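Here is a short briefing on a two-chain structure. Keep the sequence and the 3D view open as you read.

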Amino acid sequence: MSSRNLLPVAALALSLLCGPLGAEGGPVYSLSADAQAGFVLAGGGVEGAFDPTSASTALAWVLGGDLLHRVEAPGWGFVLSQAFDLAGNAESANPSLPPTDLLVPRFKIYEAYARLDLGDRGQLFFGKRRLGLGLGTTFAPGDLLDPRSGFWDQKNGFRGLGLTASLGSDLALRAALGLDRNLEAYAAGLRAKASASLPAKVAAEAAYSSLLGQAGGPADPRLFVWALSADWQADIAQLAAAAVYAPDRFARPSLGLSLDLDGLIVQAEGAADFGADPATLSPDLFGTAGLRTTFSGEADSLTLSLDYAYNGAAGLLLHRHYLLPSLMYSRPEVLDLTVRTLVELEAPSALLSTVLAFHPAPDFDLEFTGSFCLGASGGEFAALPSPPTPATTPAATALGLCARVHF
Amino acid sequence: MSSKAAIRSPSRPRAVLLACLALLPAAGLLAAPGSAQTVLDAVDRTLFLESYVSKVTMEIQDLSGPPRTMTFEGQSRKDRGTYLEILAPARTKGTRFLQLEGSLWMYNPKAGSANALRLSSRDAFQGSTFSNADIGKSQFSDDYSAVLAPEALLEHAELGPVPCLVLEARAKTDTAAYGKIVMWVRKSDFMPLRMEYYAKSGLLFKRMDLSRIRSFGPLTRPSVMRMESFEKKGTITTLTMESIEAREVPLSVFNKNYLTR
């Protein structure tokens with residue numbers, strides 16, 4: 001179901017579920033929202049330096065926002081997290097690009113799920129939801145159920161079921177069943193039935209076969225993704241164990257440890273991917289190790305972190321060895337500066353991301369952003385992996401300015 | 001240290017007062033009268049309920065500009081920890097914190113990451129003069145053992161001169177956030193009015209003044225806590241208790257699953 005179709009349903013559900021808002025013991029609705037307007041310039045591919053006046057430099061307008069709806073009630077809850085974009089297609093400096101459809105709203109749903117509380121010990125979730133497995137402050141090497149969609153981008157969420165169990169304060173257990181591929185198969189079958197000249201059943205089976213590799217249907221359990229995790233903490237230590245399994249595709253257990261050593265947070269996490277054969281003796285290995293600390297001044301704070309990531313098989317990352325230094329400086333209600341770098345160590349290249357946000361008024365931000373590719377032209381980060389504009393050539397630099405209001 | 005050894009040459013009025021206090025069932029002072037631990041327990045009972053929900057406004061004044069205000073809704077249990085959620089300002093609305101023994105977790109549903117971030121207990125809470133460890137504190141007697149110092153007359157900004165017992169609470173665990181806390185406790189009802197926080201090195205680096213004593217249902221306690229930092233000069237954080245209500249908070253609140261629900 002598309003985002004546009006989901007929205008009226010979700011809005012209706014919210015209004016019905018909330019009833020008399022704020023009534024004693026009844027559902028309580030809350031909304032947290034941001035609206036933003038600005039632009040991004042992207043250009044300076046491998047051919048040359050960034051030049052805002054160049055015809056190859058593209059301009060994208062930023063006009064949209066984020067909405068987080070929440071309904072909380074005794075025994076249940078509902079969350080709808082969505083982004084809307086009014087900028088439409090980006091307007092480019094290149095006049096040959098197609099016209100824009102500015103102010104036509106487009107929605108993206110990150111989360112839309114219902115929660116049922118199972119007494120005082122557990123919770124059951126239905127719908128689309130973000131789920132973090134393992135420690136995962138930068139990359140969670142064991143998380144294949146809902147992996148990061150970009151190096152620093154937010155997670156997209158997975159569609160399916162979730163179950164949590166809380167055993168005291170120290171132990172949190174979670175299980176999840178991902179149904180994304182089942183829903184994709186169902187949608188593919190519907191499309192095939194609607195468009196093919198073949199009989200509907202034959203067309204659907206062909207679509208399933210194409211998706212699955214052999215005949216099957218949307219309920220085929222081979223499309224499931226299962227996940228289990230246990231998170232245990234005692235005093236300064238946190239231990240996180242997880243496993244993700246998809247029949248005929250992968251089995252990936254992971255283990256992570258985090259320690260708070262008097263203000264220095266040290267953590268390490270590793271995973272082994274056994275692929276389609278859980279008995280294999282040579283799994284692909286993944287791991288991260290790092291540390292983080294915060295220095296507090298009279299009216300500001302500085303957080304520094306450094307992580308190493310080992311990538312045993314090409315995926316989101318193409319090589320094996322990476323460093324992730326980052327810096328966050330905060331002067332509350334004045335400014336925040338975040339600088340993050342992903343350095344590929346074999347054919348050195350790096351992706352540098354900066355965000356400088358000024359807070360000139362309460363709940364108002366003026367934000368300058370920059371993304372830069374550094375290093376050799378043949379390196380992994382010779383061009384921005386997710387260009388913010390529909391530039392016709394790869395961009396190595398993106399600069400943005402945005403005003404944001406919080407509600 | 002025994003309770004008798006903790007009090008040197010008690011004066012007659014004090015002995016009478018302590019004897020009377022021992023008879024006050026409302027105060028719940030069941031331990032030996034005059035015991036430093038008794039007074040510390042009374043302070044704990046005044047400031048912290050066994051299980052409660054509260055709404056607190058925090059105003060932070062520092063050198064960076066005009067004061068900034070945050071409002072929290074909290075749920076606490078003495079034997080578990082504290083859960084907080086920011087209600088205002090809008091920029092950070094919805095951010096949640098879970099303080100458990102030895103650790104603090106923060107989760108921002110708007111950040112996009114599905115994992116809670118672990119914070120160090122020694123760091124400042126949201127740029128305030130309170131540390132992360134202060135936020136989840138549910139009783140002093142867990143981490144500190146008390147002795148009585150000579151009584152003093154406290155010049156209280158709101159109440160004027162107040163005869164006080166002076167309590168020195170010294171860290172008895174490695175996880176205690178401070179080396180020592182000196183408390184000025186009103187003699188008449190064991191109401192805490194001032195606390196001075198010392199680092200483990202012995203350096204005095206924070207002072208909290210408590211005022212505007214008011215009733216929240218059956219509970220009477222200071223509703224304003226003003227913490228001044230001597231380490232971060234010019235930094236003052238004022239917590240104002242808007243409401244507090246004794247309530248059985250479910251155990252499931254004090255688990256990371258609740259934080260990311």
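Start in chain A: A:Phe126 has A:Leu161, in strand 6, as its bridge partner. This is a predicted model; local features need pLDDT of at least 70, side-chain atom pairs count only at pLDDT 80 or more, and totals for chains, interfaces and linings use all residues. Residues are numbered from 1 along each chain as its sequence is written, while chains are lettered from A and ligands numbered from 1 in the order in which they are written.

- Strands here are DSSP runs of E with at least two residues, and helices are runs of H or I with at least four; both are numbered from the N terminus.
- Strand 5 (residues 122–129) of chain A runs antiparallel to strand 6 (residues 158–167) of chain A, and eight bridges join them.
- Two strands count as paired if DSSP finds at least two bridges between them.
- Strand 5 of chain A also pairs with strand 4 (residues 106–118) of chain A, in the antiparallel sense, over seven bridges.
- Strands 4 and 5 of chain A form a hairpin, with three residues between them.
- In that turn, A:Gly119 has a positive phi of about 60 degrees.

**A closer look at A:Leu116**

- A:Leu116 sits in strand 4 of chain A, and its bridge partner in strand 5 of chain A is A:Leu124.
- Is A:Leu116 buried or exposed? A:Leu116 counts as exposed because it has 12 C-beta neighbours inside 10 Å.
- The cut-offs are these: buried means 20 or more other C-beta atoms within 10 Å of a residue's own, exposed means 12 or fewer, and partly exposed lies in between, with C-beta atoms placed from the backbone.
- Setting aside neighbours within four places in sequence, A:Leu116 is in contact with A:Trp76, A:Gln123 and A:Leu124.
- Contact means that the two C-beta atoms, placed from the backbone, lie within 7 Å.
- A:Trp76 is 40 residues from A:Leu116 in sequence, yet their C-alpha atoms are 4.4 Å apart.

**Where chain A touches chain B**

- In chain A, 44 residues are in contact with 43 residues of chain B.
- Several strands of chain A each give two or more residues to this side, among them strand 2 (58–73), strand 8 (225–234) and strand 12 (284–296).
- By class, this side of chain A has ten nonpolar, 18 polar and 16 charged residues.
- Nonpolar covers Ala, Val, Leu, Ile, Met, Phe, Trp, Tyr, Cys and Pro; charged covers Asp, Glu, Lys and Arg; the others, Gly among them, are polar.

**Strand 4 of chain B**

- In strand 4 (residues 96–100) of chain B, five of five residues are buried.
- In a regular strand, side chains alternate between the two faces of the sheet.
- B:Arg96, B:Leu98 and B:Leu100 are buried on one side, and B:Phe97 and B:Gln99 are buried on the other.
- Strand 3 (residues 81–88) of chain B pairs with strand 4 of chain B in the antiparallel sense over four bridges, and B:Tyr83 stands opposite B:Leu98.
- Strand 5 (residues 103–107) of chain B pairs antiparallel with strand 4 of chain B over five bridges, and B:Met106 is the bridge partner of B:Phe97.

**Backbone details in loops**

- B:Pro89 lies in the loop between strands 3 and 4 of chain B, and the peptide bond from B:Ala88 to B:Pro89 is cis, with omega near 10 degrees.
- A:Asp262 is not a glycine, yet has a positive phi of about 50 degrees.
- A:Asp262 is exposed because 10 other C-beta atoms lie within 10 Å.
- B:Phe190, also not a glycine, has a positive phi near 60 degrees.
- B:Phe190 is buried because 22 other C-beta atoms lie within 10 Å.
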